Structure formats: C-alpha cells, structure tokens
Amino acid sequence: MCAEAIVEGSENGKRMVNEADLRTYLEKWDKTYWPTYKVLDVLQKVFYRSNPAREAFVEMCADEYVQKMTFDSYLYKRVVPGNPWEDLKLAVNTIGSLVRAYALRREMEKINV
C-alpha cells in the first residue's frame, strides 16, 4: 500500500513525493486497518488482564461463529461485518464467560490466602 502511494504520488516517477503524499497513504492505511487494531486492543484490554479472563477468552474462541469471524477477518485483513443476531449472542455469552471467570478467580484467591 505504501509503495502504491509512492508511485501514485510521484506520478509514476515524474516528481518527488513529499510528506503530504505519505500522509495520504497513512490516512488510507488508518481507514483500512484502524477497526482491526481497535478490535484487537479491546480484546487485549478485556481478556489479557488475568488468568480467569484468558480462560474466558479461550471459552469464547471455542464458538464456531467466533472462529468463522476470526478466519474471515484474517483472510481479508480487516474486520468483516458480522451477523447482528450472532454478535448479540456472542456478547451475552462473552459476558457470561467473564462473570464465570471472575467468580472462579475469587474462589481461587480464597484458596490461596
């Protein structure tokens, strides 16, 4: 994508690219990939805080819909649109997994104290 922007900005080698040309590339890159990195950032903040949260993530990843969305997003290199009904079910199931994980965490802390 960067090489394409340089070729386009240089008018196929007829002029030197400048910062504005590269900023155009960065804006296009951000528009294309920002959603992917935002989703990954949210997943990291929610699921990588503790061992119970990681267990909830593993439980979530067993879901066939999650596997399909992950594969499609990886294949197309961007977050693919999901099915709103399946997304809602996933959100409810994920909240349930997190609640179970944190309940388990509290019980484990009692044992370790």
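View 1. Tyr76 belongs to helix H4 (residues 64-76), helices being DSSP runs of H or I with at least four residues, numbered from the N terminus. The model is predicted, with local features requiring pLDDT of at least 70 and side-chain atom pairs counting only at pLDDT 80 or more, while totals for chains, interfaces and linings use all residues. Residues are numbered from 1 along each chain as its sequence is written, and side-chain values use heavy atoms, without hydrogens and water. Phe71, Leu75 and Tyr76 form a nonpolar surface patch of about 340 Å². Patch residues have over 30% relative accessible area and no salt bridge, and nonpolar side chains are joined within 5 Å; areas follow the Shrake-Rupley method with a 1.4 Å probe.

**View 2. Contact of helices H2 and H3.** The axes of H2 (residues 19-47) and H3 (residues 51-61), lines fitted to C-alpha atoms over the stretch in contact, come within 8 Å and cross at roughly 130°. Leu43, Val46 and Phe47 of H2 meet Ala53, Arg54, Ala56, Phe57 and Met60 of H3, with heavy atoms within 4.5 Å.

View 3. Lys45 and Asp41 are joined by a salt bridge at 3.1 Å, N to O (Lys or Arg side-chain nitrogen within 4 Å of an Asp or Glu carboxyl oxygen). Because these residues are 4 apart in H2, about one helical turn separates Lys45 and Asp41.

Methods. Axes fitted to C-alpha atoms, helices over the stretch in contact; angles between N-to-C directions. Helix = DSSP H or I, 4+ residues; strand = E, 2+ residues; numbered from the N terminus. Patch = residues over 30% accessible without salt bridge, like charges linked within 9 Å, V, L, I, M, F, W, Y side chains within 5 Å.
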